[in-house]
Amino acid sequence: MFSRKKFIQHTALATAGFSLLDFIQPASAAALSKHLERITPLPPREAAKDEDFWNWVREQYTVSTEIIDLNNGGVSPQPKPVQDAHIQFLAMCNEGPSYYMWRILDQGREPLREKLAKLAGCLPEEIAINRNTTEGLNTIIFGLNLKAGDEVVLTKYDYPNMTNAWKQREKRDGIKLNWVDLEMPVESDEIFVERFEKAITCKTKIVHITHMMNWTGQILPARKIADMAHKKGCEVIVDASHSFVHIDYKITDLDCDYYATSCHKWLCAPFGTGFMFIKKEKIDKVWALLSALVPDAGNIGKFESLGTRSFAAEMAIGNAIDFHYLIGSKRKEERLRFLKNYWCEKLAGNPKIKFYTSLKPEFSCAIATFNIEGWDAGDLSGQLFEKWKIHTTTSVHEGVNGVRVSPNVYTNLSDLDRLVDCINELVAKEPPVKKKGE
């Protein structure tokens, strides 16, 4: 697409990636300009229904025509312009890995950090670029100075990789875990705040909040919980794996002390990319998880000693940010919520269908989890794929036994119409009979 000389000239300037528009075909770029001219004056909720614009967005993806992918909560595809940028960076690396990776592309880390910080709403020196939420939160969980008897508040619906990390600290260091129990869905900020507050004691040091729960898409009032926890002298960790650029907010809006997310979910950046945030004044109080020259330094860079990693994937995060800005943060949130409501509202009146997700806008966005009376979640998800090639995932945890559906900005309304038709067909069917012992 571009000459090697031109590409190297751009990256040698230590930018955070080639401009996204350089990877969009001229005709498509012209169409985008017309779409944006039309929808920019519209309120985001109205723009969310502009199918011409969202069809343009879908055209930028290379999704399979063989399946309907409704598990974007697991990992999302990258739009073609982001894929192309990633490929260009990767090709460069392979021409001379140690030179182009460490002497050319690595110069782009600081501009990328600034770009991420602007999007996230924090200082660049508070962000460490890594590979995913698990890596970020485990770095924080294992790096905190906690001693035997210190207590941590978390919920039974937090992500397993995080609860397992806390259980390891409990087993190894003698800290105590206080669990918040919930019944999904919850449609009251006060219930969340009260449950968390009840679990806090004079020994509680950390409150762990999952901003949007992976099991059901439940949104928690993170700021209200954080404010309450801070008044009681606790520090706050936010797991933002699903909420970052899914709903429109800044890290400062949450007033948390620690935070981590993945960029390969709702930002649609290359697989295996993410970042963590630590308030500037707290960085020196968190030990580096991997080897660092000064593991208790006050420099966020101590958390980036990951060894060799994909420089190409990291640099293409910048192009994913550009694509996100083309869509618009609030327009994207409203479109994602519109897609969830579109299919859920068609089924909500059916007494045989149970939703584990609230349809109220303050408590959910793109993700919804449902089940059909009498069905096992695995059988239901299996039927959707085997008969109709609709790819979902099961969500079986605590009191939840359902199928999680998570569309993304490229999802067509016709895909969701197909989902609704198939669910209605299954409602009319008898669920599979389990054999003895199953």
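On a 1 Å grid over the protein atoms alone, a pocket is an open set of points with protein on both sides within 12 Å along at least five of seven lines, a cavity is a set where a 1.4 Å probe fits but cannot get out, and lining residues have an atom within 4 Å of a point. Grid points are joined across faces, edges and corners, and a volume is the space filled by probe spheres set on the points. The model is predicted, with local features requiring pLDDT of at least 70 and side-chain atom pairs pLDDT 80 or more, while totals for chains, interfaces and linings use all residues. Residues are numbered from 1 along each chain as its sequence is written, and side-chain values use heavy atoms, without hydrogens and water.

The largest pocket holds about 320 Å³ of space. Its lining comprises 18 residues, and His211, Ile219, Leu220, Ile247 and Glu362 lie nearest the centre. Helices α11 (222–231) and α14 (329–347) each contribute at least two lining residues; helices (H or I, at least four residues) and strands (E, at least two) are DSSP runs, numbered from the N terminus. By class, this lining has nine nonpolar, one polar and eight charged residues, where Ala, Val, Leu, Ile, Met, Phe, Trp, Tyr, Cys and Pro count as nonpolar, Asp, Glu, Lys and Arg as charged, and the others, Gly among them, as polar.

For the second largest pocket, the volume is about 270 Å³. Of its 19 lining residues, Tyr159, Asn214, Ser241, His242 and Lys265 lie nearest the centre. This lining divides into four nonpolar, 12 polar and three charged residues.

The largest cavity has a volume of about 70 Å³, and the residues lining it include Phe244, Val245, Ile247 and His324.

Val245 also deserves a look for its backbone. Its phi is near 50°, a positive value in a residue other than glycine, and it sits in the loop between β6 (235–239) and α12 (251–254). Val245 counts as buried because its relative accessibility is 8%, the cut-offs being under 20% relative accessible area for buried, over 50% for exposed and in between for partly exposed (1.4 Å probe, protein chains only). Cys268 likewise has a positive phi, near 60°, and is buried at 2% relative accessible area. The peptide bond from Met184 to Pro185 is cis, with omega near -5°. Most residues other than glycine have a negative phi, and most peptide bonds are trans.
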